[in-house]
Amino acid sequence: MESRDHLQPISHREEAICDRLRSALAQLLGIDPREIDPDESLVSYGLGSVQALTLMGELEEWTGRELSATLIWDYPTLNAITKYLSDDSVSGGVADGALDT
């Protein structure tokens with residue numbers, strides 16, 4: 001059965017996380033953030049391993065927690081990463097204060 005997670009309403013917190021991720025990815029790849037579909041694989045935008053590690057470093061700095069080096073491969077879309085980062089049961093999720101920076 002096809003997953004319908006992307007059809008579920010997202011919280012304000014998830015929206016803020018996704019927007020932050022979209023901006024960071026767009027800046028890293030030199031593209032307009034509006035071109036990035038949150039359900040599209042990041043690899044389809046040309047994200048390579050070096051850029052993925054750079055993005056991971058930014059995410060670790062932003063969230064204040066250590067993340068798996070394979071996070072972007074394990075959660076290959078912005079929505080998947082957003083859901084992972086917003087999950088409080090996974091090492092505390094993203095702190096609300098981090099959303100303001």
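Mentor: Contact means heavy atoms within 4.5 Å of each other. This is a predicted model, in which local features need pLDDT of at least 70 and side-chain atom pairs count only at pLDDT 80 or more, while totals for chains, interfaces and linings use all residues. Residues are numbered from 1 along each chain as its sequence is written, and side-chain values use heavy atoms, with hydrogens and water left out.

Trainee: Which pattern does the protein follow along the sequence?

Mentor: Helices (H or I, at least four residues) and strands (E, at least two) are DSSP runs, numbered from the N terminus. The protein has four helices and zero strands. Read in order, the pattern is α-α-α-α.

Trainee: Is arginine 22 buried or exposed?

Mentor: Buried means under 20% relative accessible area, exposed over 50%, and partly exposed in between (1.4 Å probe, protein chains only). Arginine 22, in helix α1 (residues 12–29), touches Pro33, Ile36, Pro38 and Leu78, leaving aside residues up to four places away in sequence. Its relative accessibility is 18%, so arginine 22 counts as buried.

Trainee: Which residue forms a salt bridge with aspartate 19?

Mentor: A salt bridge is a side-chain nitrogen of Lys or Arg within 4 Å of a carboxyl oxygen of Asp or Glu. Aspartate 19 is partly exposed, with a relative accessible area of 37%. At 3.5 Å, N to O, the partner is arginine 22.

Trainee: How many residues apart in sequence are glutamate 14 and lysine 83?

Mentor: Their closest N and O atoms are 3.7 Å apart, which makes the pair a salt bridge. Glutamate 14 lies in helix α1 and lysine 83 in helix α4, so the pair ties together parts whose separation in sequence is 69 residues.

Trainee: How far apart are the end C-alpha atoms of helix α2?

Mentor: The expected span of a helix is 1.5 Å times one less than its number of residues. Helix α2 (residues 49–63) has 15 residues, so it should span 21 Å. The model agrees, with the end C-alpha atoms apart by 21 Å.

Trainee: What arc do the buried residues of α2 cover around the axis?

Mentor: The buried residues of α2 are Ala52, Leu55, Met56, Leu59, Trp62 and Thr63. The arc is that of the directions from the helix axis to the C-beta atoms. These residues are on the same side of α2, because their arc is only 125°.

Trainee: Which exposed residues does the face of α2 turned away from its buried side carry?

Mentor: The cover over the buried residues of α2 includes α1, α3 (71–74) and α4 (78–86). The face turned away from that buried side carries the exposed residues Val50, Leu53 and Glu61.
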